[in-house]
Amino acid sequence: MSRHERWAAVAVGLMVVAGAAIFLYAPTDYLQGPVQRIFYLHVSSAIAAYGCFTVVLIGGLVYLRRESLVADRFARAGAVVGVVFTTVTLVMGMLWAKPIWGTYWTWDARLTSTLVLWMIYAGYLLVRRLADPGRQAARIAAVVGIFGFVDVPVVHFSVTWWRTQHPGPVVVNDALPPEMLATFLLTMACTLVLAAVLIAIRYRIETLSDERMHLAEEVKVITAPEPRMAP
Amino acid sequence: MSFVVANGLTHWFGRDLVLEGVDLVVDTGEHMAVLGDNGAGKTTLLRILATALRPTAGRLQIAGLDAFREKRRLRHHVGYLAHAPGLYPALSAVENLEFFCDLQEVSRTRVEEALDVVGMTSAAHRRADQLSRGMQQRLAIARAILHEPRLLVLDEPDASLGEDAAELLTRVTQGKTVIMATHDRALANRLCPRTLELRHGRSHGTATRLHVVT
Amino acid sequence: MNPVRVAIAVARKDLKSEWRTRELVPALAQFVVLALLIGNFGFQVDTRNASAIAPGILWFALVFAGLVAFGRTFAAEREQASLEAMLMTPASPVAIFAGKAMAATVLLVLCEVVLLPALTLFFGTPLGADVVAAVLLATVGMAALGVLFAAIVARVRARELLLPLLTLPLWIPFIVAGGQAVQSAMGLPGSYQEAMGLLLDFDILFVVLTSLAARFVLDE
């Protein structure tokens with residue numbers, strides 16, 4: 001087994017453990033019922049997503065400062081994995097919202113800013129794909145990533161403020177009983193490990209892709225580019 | 001004294017290798033022509049030499065300075081004529097040049113002088129989009145010499161110019177270090193004692209001809 | 001090199017070019033009027049709901065006009081290959097960016113000169129100094145972001161698609177605060193002061209950030 005495969009196995013194993021905790025250990029919520037169990041993964045996913053986008057931010061900043069290809073690869077990896085986790089967060093959020101609030105969507109600060117987050121980093125991935133690969137793509141993406149990272153809290157803040165002008169459904173957050181808290185922390189830890197492993201794997205893919213671009217076995221000059229594979 | 005020293009210039013556009021390990025040295029005051037077919041990499045090489053493009057690999061020194069680190073400083077000394085004229089169509093020839101004077105903090109008296117050198121004084125107040133292509137080319141050349149650079153990097157300067165192309169270019173390149181790309185070997189012969197052959201992104205050596213005055 | 005003078009020279013050049021060709025502003029003006037028309041029928045506006053819906057239509061019209069206007073700032077340069085000539089000078093990219101942002105702001109403001117009275121004409125919304133102030137304040141920040149991202153996508157494929165995709169998420173705070181400011185200026189509930197305060201904060205934040213980013217975006 002390669003080391004990436006080993007890490008993957010560990011990450012999956014940990015997620016199974018978290019799953020067991022969620023369904024077997026954590027008590028059923030008194031108010032929300034079994035649907036509430038989504039919360040563990042939903043919030044963990046969100047935190048993992050933010051973690052990934054922090055990687056994109058730092059990778060971008062380091063790239064702008066030092067033109068480090070390694071930093072750029074981490075940024076690319078972080079963006080892909082982050083979009084995946086954001087998608088999971090949004091979908092789980094919607095599945096949770098329907099039984100609890102009666103609607104799949106509501107324009108509150110968290111949902112709105114998570115959606116914006118998704119859009120920004122989907123845009124990031126699109127820009128990478130469309131720009132000339134190499135320095136141009138890396139620089140542009142770094143700037144997009146930095147602005148995206150700043151924008152999300154700004155949007156969150158604006159919508160929170162807007163809600164004071166236009167009150168909407170209130171999300172009640174009770175204090176968590178200790179078993180729930182423990183389950184949550186466990187799930188979060190396992191999810192973060194999963195995110196780290198995914199980023200590592202993606203990093204490796206980006207490294208291989210970079211090598212394919214700049215080092216060719218035979219030197220082929222001014223040929224038509226091969227069709228690119230989906231990331 | 002070497003004014004331009006380039007080492008191993010290599011450039012990839014995505015998966016295309018456009019320039020491969022090009023070396024060149026140009027002494028102060030020397031005129032060098034870069035020859036090669038379309039697609040050989042002339043424009044890419046010239047853009048790198050003019051500091052308009054950063055190559056994927058390689059080193060470049062201009063006037064003893066690292067061209068990548070001192071880009072902004074070097075631009076005072078480099079005049080670049082790109083493949084496309086890059087003019088503002090709605091502005092007159094004079095206004096185009098005045099704008100570039102303002103950008104470079106060059107005295108506006110240079111506008112008249114530059115127009116005179118390229119022989120455009122009569123068309124000075126005509127809108128750029130109403131100039132013939134030959135005139136536009138002259139205007140672009142005027143812009144390249146506006147700040148009296150020591151190094152001129154010219155990409156096919158003779159394009160669209162008429163009969164007096166050689167004369168005009170001789171005037172313009174007088175006393176400067178020049179690297180120019182062209183298809184016209186006779187012109188290259190006349191203006192540049194040294195030539196560099198580029199084929200498929202690779203340098204096929206430089207040659208020095210005896211400067212024959214026709 | 002005096003960056004302020006460079007910025008002013010760039011802004012003047014852009015505005016002079018626009019004045020000579022008179023392409024963008026008339027087209028934008030027509031465009032916003034059409035947008036109002038579409039808003040009217042899309043939202044089924046009548047005298048009862050006009051005052052509630054009109055402020056929203058304002059923002060739609062403004063956002064679309066903005067995307068067109070900012071997209072043009074670099075599209076024109078690109079067509080003429082003149083952007084590279086400008087960047088090849090020792091002039092600071094931040095100054096060039098500032099100049100283009102200023103010119104784009106002026107052009108969008110000219111478009112607003114048509115939009116706001118048209119809004120009043122079609123929907124009966126009040127047109128006071130407070131409405132104008134709110135729109136102008138939002139325009140500044142939106143222009144800085146719009147022009148920066150227009151520069152970003154200028155050299156990328158499918159730029160007409162990318163520009164809205166990248167810029168709109170960043171404009172959302174301006175629309176949230178600006179929308180609220182305009183609404184309260186037009187007599188609907190909400191705090192005008194707070195909204196304007198937010199707009200100002202966003203302006204400062206994004207003008208600073210875009211200025212810092214300009215040199216990375218505009219450098220070759």
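Student: Hi! What kind of model is this, and how are things numbered?

Tutor: Hello! It is a predicted model, where local features need pLDDT of at least 70, side-chain atom pairs count only at pLDDT 80 or more, and totals for chains, interfaces and linings use all residues. Residues are numbered from 1 along each chain as its sequence is written, while chains are lettered from A and ligands numbered from 1 in the order in which they are written.

Student: How do α6(C) and α7(C) pack?

Tutor: Helix α6 (residues 129–154) of chain C and α7(C) pack at an angle of about 170 degrees, and their axes are 9 Å apart. Axes are lines fitted to C-alpha atoms, for helices over the stretch in contact, and angles run from 0 to 180 degrees between N-to-C directions.

Student: Are they roughly parallel or roughly antiparallel?

Tutor: With that angle, α6(C) and α7(C) are therefore roughly antiparallel to each other. Under 35 degrees counts as roughly parallel, over 145 as roughly antiparallel, 65 to 115 as roughly perpendicular, and the rest as oblique. The residues of their contact divide into 19 nonpolar, four polar and two charged. Ala, Val, Leu, Ile, Met, Phe, Trp, Tyr, Cys and Pro count as nonpolar, Asp, Glu, Lys and Arg as charged, and the others, Gly among them, as polar.

Student: Which residues of chain C touch chain A, by element?

Tutor: In total, 23 residues of chain C are in contact with 24 residues of chain A, where contact means that C-beta atoms, placed from the backbone, lie within 7 Å. On the chain C side, α7 (159–185) and α8 (192–217) are the elements giving two or more residues. The largest share, ten residues, comes from α7(C). By class, that side has 18 nonpolar, three polar and two charged residues.

Student: What about the side of chain C that touches chain B?

Tutor: There, 20 residues of chain C meet 22 residues of chain B. Both α1 (3–21) and α4 (82–87) of chain C supply at least two residues each, and the largest share, eight residues, is from α1(C). This side of chain C has nine nonpolar, five polar and six charged residues.

Student: Switching to chain B, how is it divided?

Tutor: Chain B has domain 1 (1–77 + 149–214) and domain 2 (91–148), with bounds from an automatic or database domain assignment. The C-alpha centres of these two domains of chain B lie 23 Å apart. Eleven residues of domain 1 of chain B are in contact with eleven residues of domain 2 of chain B.

Student: Last one: how far does α3 of chain A reach?

Tutor: Helix α3 (residues 69–101) of chain A has 33 residues and reaches 46 Å from its first C-alpha to its last, close to the 48 Å expected at 1.5 Å a residue. The expected span is 1.5 Å times one less than the number of residues. After α3(A) comes A:Gly102, with a positive phi near 85 degrees.

Technical notes
Contact = placed C-beta atoms within 7 Å. Helix = DSSP H or I, 4+ residues; strand = E, 2+ residues; numbered from the N terminus.
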